[in-house]
Amino acid sequence: MPLSASLARGVTPTTPGTLHARTVTGDLTAPPRPGLTVRFGRGDRPDVDLGVGVDDLRVSRRHGELTYQQGQWWLRNTGQQLVRLPRGRMMHTATEPMPLATGYTPLFVKGSGYREHLVELYVAGPDDQGPVARRRAETVRPQMWPLDDDERLLLVVLGQRYLLYEEDPRPLSYAMAARQLAHLRPDAGWNERRIEYRIEDVRRRLDRTGFRYPLLHDKSQGRPGDNRLLHNLLRGLVESTTLVPPDLDLMEDDDTTSPDHESH
């Protein structure tokens, strides 16, 4: 496969369990043979089979490895820097090896400063059909979640930093949101208790519909800190485009709003 192609597009049909791996400097294919290990890092053969971050001294010469056992490829971090996986999961050298799912998995090796070095992995499955162009097919719309007018306004106020696409957004506190809502809708009776009740109601409703991130407390783990569940809610709503930047217009003063206006 030419290096200009991404494994995200799929691979030519091969034996199920075959590992395809690719970086900007090379690629390889490994059969699903028990005990076989593929190593990647800044070094060269015979220390590694696939180079990554070859010009970055923060990348270890042997930074990670993939071993085929128990019918799966298992990933292990052997480098000094973290390896980042999809959904923000991190791997340290002390992290237990993780099995790769069938299909595409991108991982990122932490480097110098803000640099991250991509290692693309693809484990062939029994139904792989190879890269298929779908230029004329209808676009699959993102799954969006129903919100009433009150809920949308509340979530926009709480999540305004997310809608500005800040690098590390956090929700407004309920106290700050209550003050802002009291200014925007003085007759709607917004206060911290009402905000907490409405957010809990939204979390419970969306959790039953397959929301991407956890929205309910895991009682076995105790109560989460740092508004984690509210962060999950806002993150998922923004990523799904249920909430979009134009929604910030809801926070603008509307001098034409009647004093008798009621939220729906």
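**Note on the predicted model**

1. Aspartate 49 and arginine 45 are joined by a salt bridge in which the closest N and O atoms lie 3.8 Å apart. Of the two residues, aspartate 49 is partly exposed, with a relative accessible area of 27%, while arginine 45 counts as exposed at 60% relative accessibility.

2. As to confidence, the chain has a mean pLDDT of 88, with 89% of its residues reaching 70 or more. A stretch to treat with care is residues 256–264, over which pLDDT stays under 50; for these residues the model has seven contacts beyond four places in sequence.

3. Six strands form an open sheet in the order β2-β1-β11-β10-β7-β8, and their pairing is antiparallel. The edges are taken by β2 (26–30) and β8 (90–91), each of which has a single partner strand, so one side of each is left without a neighbour in the sheet. Within the sheet, strand β1 (residues 19–23) runs antiparallel to strand β11 (residues 116–123) and is joined to it by four bridges; leucine 19, for instance, has valine 123 in β11 as its bridge partner.

4. Helix α3 (residues 174–184) has Ala177, Ala178, Leu181 and Leu184 as its buried residues. These cover an arc of only 130 degrees around the axis, which puts them on the same side of α3. Arg179 and His183, on the other side of α3, are exposed. The cover over the buried residues of α3 includes α1 (149–158) and α4 (192–207).

5. Salt bridges in the model come to a count of 20. In helix α4, arginine 204 and glutamate 200 meet through their side chains at 3.2 Å, N to O; because they are four residues apart in that helix, about one helical turn separates them. Both ends of this pair are partly exposed, arginine 204 with a relative accessible area of 44% and glutamate 200 at 32% relative accessibility.

6. Finally, a network of salt bridges links Asp148, Asp150, Glu151, Arg194, Arg198, Asp201 and Arg205.

Methods:
Residues numbered from 1 in each chain as written. Predicted model: local features only at pLDDT ≥ 70, side-chain atom pairs only at ≥ 80, totals over all residues. Heavy atoms only, no water. Pairing = 2+ DSSP bridges. Helix = DSSP H or I, 4+ residues; strand = E, 2+ residues; numbered from the N terminus. Buried < 20%, exposed > 50% of the residue type's maximum accessible area, 1.4 Å probe, protein only. Arc of directions from axis to C-beta. Contact = heavy atoms within 4.5 Å. pLDDT = per-residue confidence, 0-100. Salt bridge = Lys/Arg side-chain N within 4 Å of Asp/Glu carboxyl O.
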